[in-house]
Amino acid sequence: LCGQPAMPRSVWELPAGQRRTVLRHLLVSDKHRFLYCYVPKVACSNWKRILKVLDGALESVDVKLKMDHKSDLVFLGDMKPEEISYRLKNYFKFIFVRNPMERLLSAYRNKFGEIKEYQQRYGVEIVRRYRKNGGNSAGDDVTFSEFLRYLLDEEVERMNEHWMPIYNLCQPCAVRYDFIGSYEHLDADANYVLERVRSPSFVRFPARQPWYHPVTAETLHYYLCNTQRRLIKELLLKYILDFSLFAYPLPNITSEFCRQ
């Protein structure tokens, strides 16, 4: 797919806005010589913890602290062009990906079900836009269909990072990643990366928090089968590069499958 003539071959071939996005998502460890492109809703908080531990800013991955997504992290975008080029050429580069629809459902349930800031910033506007007489909503009752309609109307480049396609966040054609791990094989893939970057043996990938309720195949099936088929088909086009580049099957939303 990346061999198609129109696809970018390096970050310097990207339009300025797209280049800014990917460089803002590439985290740097100079000590262990790697770059990690973080993708929200794909275990990125745990990877950020690991980076902080590796750089000595955090004592252990198990420290019970609310994750600060900015401090004590080094972003490739804050470096000079020659420093960026050197690291892109010489460092081990990796990314973790996830089934695109599962990632969207996870973002929807987390942001609109639990986080007031997102309910007020996005939820209120979504309900007002897509529901008759939706002006009184506090943004905490956004339906999955309303969320999908909002995604269809949004320009990909301007999306919030929690639902921006992985392709746009990490530009896997412009950045030649050495390893692409998956959420579905998280533990094994994370252990491989930690070995590969020669991380100290006391640093291990954190276990999933007991309060965390992952999206199951059944939950996803339920949401997709109770959503207008037309909406999902249109949305798949918007995320099609994530499906094809990372070899995820398109969801089965046939009436026969949904009846089961």
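Contact here means heavy atoms within 4.5 Å. The views below are taken from a predicted model.

**View 1. Helix α10 and the elements that cover its buried residues.** Helix α10 spans residues 229–238, and its buried residues are Leu231, Ile232, Leu235 and Leu236. These four cover an arc of only 135 degrees around the axis, so they lie on the same side of α10. An α-helix has 3.6 residues a turn, so residues three or four places apart point the same way. Among the elements covering the buried residues of α10 are α4 (100–114), α6 (144–153), α9 (217–225) and α11 (240–245). Lys233 and Leu237 are exposed and sit on the face of α10 that is turned away from its buried side.

**View 2. The open sheet of four strands.** The strand order is β1-β2-β3-β4, and the pairing is mixed. Strands β1 and β4 (179–182) are the edges, each pairing on one side only. Leaving direction aside, neighbouring strands of this sheet are turned by 25 degrees against each other on average.

**View 3. The hairpin of β1 and β2.** Strand β1 (residues 26–29) is antiparallel to β2, with four bridges between the two. Leucine 26 is opposite cysteine 37 of β2, and valine 28 has leucine 35 of β2 as its bridge partner. Four residues separate the strands of the hairpin, and arginine 33 in the turn has a positive phi of about 50 degrees.

**View 4. Strand β2 and its parallel neighbour β3.** Strand β3 (residues 92–97) runs parallel to β2 and is joined to β2 by four bridges. Cysteine 37 faces isoleucine 95 of β3 in this pairing. In a regular strand the side chains alternate between the two faces of the sheet. In β2 (residues 34–37), Phe34 and Tyr36 are on one side, with Leu35 and Cys37 on the other. All four residues are buried, and both faces of the strand are covered.

**View 5. Helices α2 and α8 lying across strands of the sheet.** Helix α2 (residues 44–54) lies across β1, β2 and β3, and its direction makes an angle of about 155 degrees with β2. Helix α8 (residues 186–196) lies across β3 and β4, running at about 170 degrees to β3.

How values were computed:
Residues are numbered from 1 along each chain as its sequence is written. This is a predicted model: local features need pLDDT of at least 70, side-chain atom pairs count only at pLDDT 80 or more; totals for chains, interfaces and linings use all residues. Side-chain values use heavy atoms; hydrogens and water are left out. Buried means under 20% relative accessible area, exposed over 50%, partly exposed in between (1.4 Å probe, protein chains only). Two strands pair if DSSP finds at least two bridges between them. Axes are lines fitted to C-alpha atoms, for helices over the stretch in contact, and angles run from 0 to 180 degrees between N-to-C directions. The arc is that of the directions from the helix axis to the C-beta atoms.
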